[in-house]
Amino acid sequence: MRVLILGIDGYLGWALALRLIRKGHEIVGVDNFYTRRAVNEVGSDSALPILSMQDRIRAIEEIFGASLEFIEGDVANYDLVRKVVERYRPDTIVHFAEQRSAPYSMIDVNHAKYTIINNLTSTLNVIYAVKEVRRDIHILKMGTLGEYGYPAFRIPEDAFIDAIIQGVRDRITVPRWAGSWYHWSKVFDSYMLLYANKLWGLTITDFHQGPVYGTRTTDIISEELFTRFDVDDVWGTVINRFCAEAVVNHPLTIYGSGLQKKGFTSLEDTITALAALIENPPEPGEFRTVHHYREIKTLNGMAELVRRAAKQVLGYEPEITHLPNPRVEPEEDLLYEPEKRVLPKLGIYRLTRVMEDEVVTMLKDLKPYTDRIKRIEALFKPRIKWRD
């Protein structure tokens, strides 16, 4: 199978490329390295060192004896996207080429505009390239469970839901209430893809997942193959930040009450799920909504888990501190359990990486890079507020 990964240089893009290459698939990647520049813009860096793309490709050749075709370019450029799709005619396009940070999107009007314009434009470009070149290409778009917010109902794993509005029954799109400009861009992505499916019968997987954590998959067998690992207040996810804080004996910084509840998934289980969805595409012309998360945790619970692991790996227990929450989100212990049907039918339902064990691996991987983490230690505290 030939797979085109847009945003191949990123945390998930690189890890997915390694998995698919090892499974014998032909991989073509596109990236303009925007995330590297944007992380640098906010004064940060990947906690784990990552190679240039040229050296990454060389490492794949040396370690796996395989090749990867790479094109440097911006997916917001339609001519580029169309030329790549025409040249390679992939079976699947994985769309990771979007600005992925909620805090980054909330910095100011320019960062909000970039997020909305880049993310929607890139998605439209993928839609039209597929429509014009080969309509049977499977589009897999990386979404987020954050599109839905925190509704009182259990979030159905479907694009539509039956509802009664003012006494009239109708079938409507599942309600969404996003929590940042980034999350709203993903809502618009979903609606545009749904509309393209209705107009032209495009085959689409709308993949919604919670935060991803972890330094390794079974394919990352050497430091040369590391994927990026962000831990600052703008680009880092919470559990990854906790682990980096623990390594430098910085207090584990919980934003808000710590009762916020989300569905987390290890990097390994995320890549396993994505590979399964690529190898088992929807029926031609189907719009498939997929929810993926493995462990529902509160921030308080995760901080305590990292604290215990730090004692085991590092010999000390870091403190835990609560800081004012810069986000606008519920801070009480809410019911949260989005429906999951698609992946269990593909046999993807068991945990292969449990957070309690995985944080031990994360701490061990991060420990040799303590000096790198200390250089960005000041960035653990939130700098961007949703409300002034």
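Colleague: Which residues of β5 point one way, and which the other way?
Modeller: His-138, Leu-140 and Met-142 point one way from β5, while Ile-139 and Lys-141 point the other way, and all are buried, where buried means under 20% relative accessible area with a 1.4 Å probe and protein chains only. Strands here are DSSP runs of E with at least two residues, and helices are runs of H or I with at least four, numbered from the N terminus. This is a predicted model, in which local features need pLDDT of at least 70, side-chain atom pairs count only at pLDDT 80 or more, and totals for chains, interfaces and linings use all residues. Residues are numbered from 1 along each chain as its sequence is written, and side-chain values use heavy atoms, with hydrogens and water left out.
Colleague: And which strand does β5 join through five bridges?
Modeller: That is β8, residues 203–209, which runs parallel to β5, and there Lys-141 stands opposite Asp-206. β4, residues 92–95, also pairs with β5 in the parallel sense, over four bridges (pairing needs at least two DSSP bridges), with Val-94 opposite Leu-140.
Colleague: Switching to α2, which of its residues are buried?
Modeller: In α2, residues 34–41, they are Tyr-34, Ala-38 and Val-39. They lie on the same side of α2 because they cover an arc of only 130° around the axis, taken from the directions from the helix axis to the C-beta atoms.
Colleague: What comes after α2?
Modeller: Gly-43 follows α2, and its phi is positive, near 85°.

Technical notes: Buried means under 20% relative accessible area, exposed over 50%, partly exposed in between (1.4 Å probe, protein chains only).
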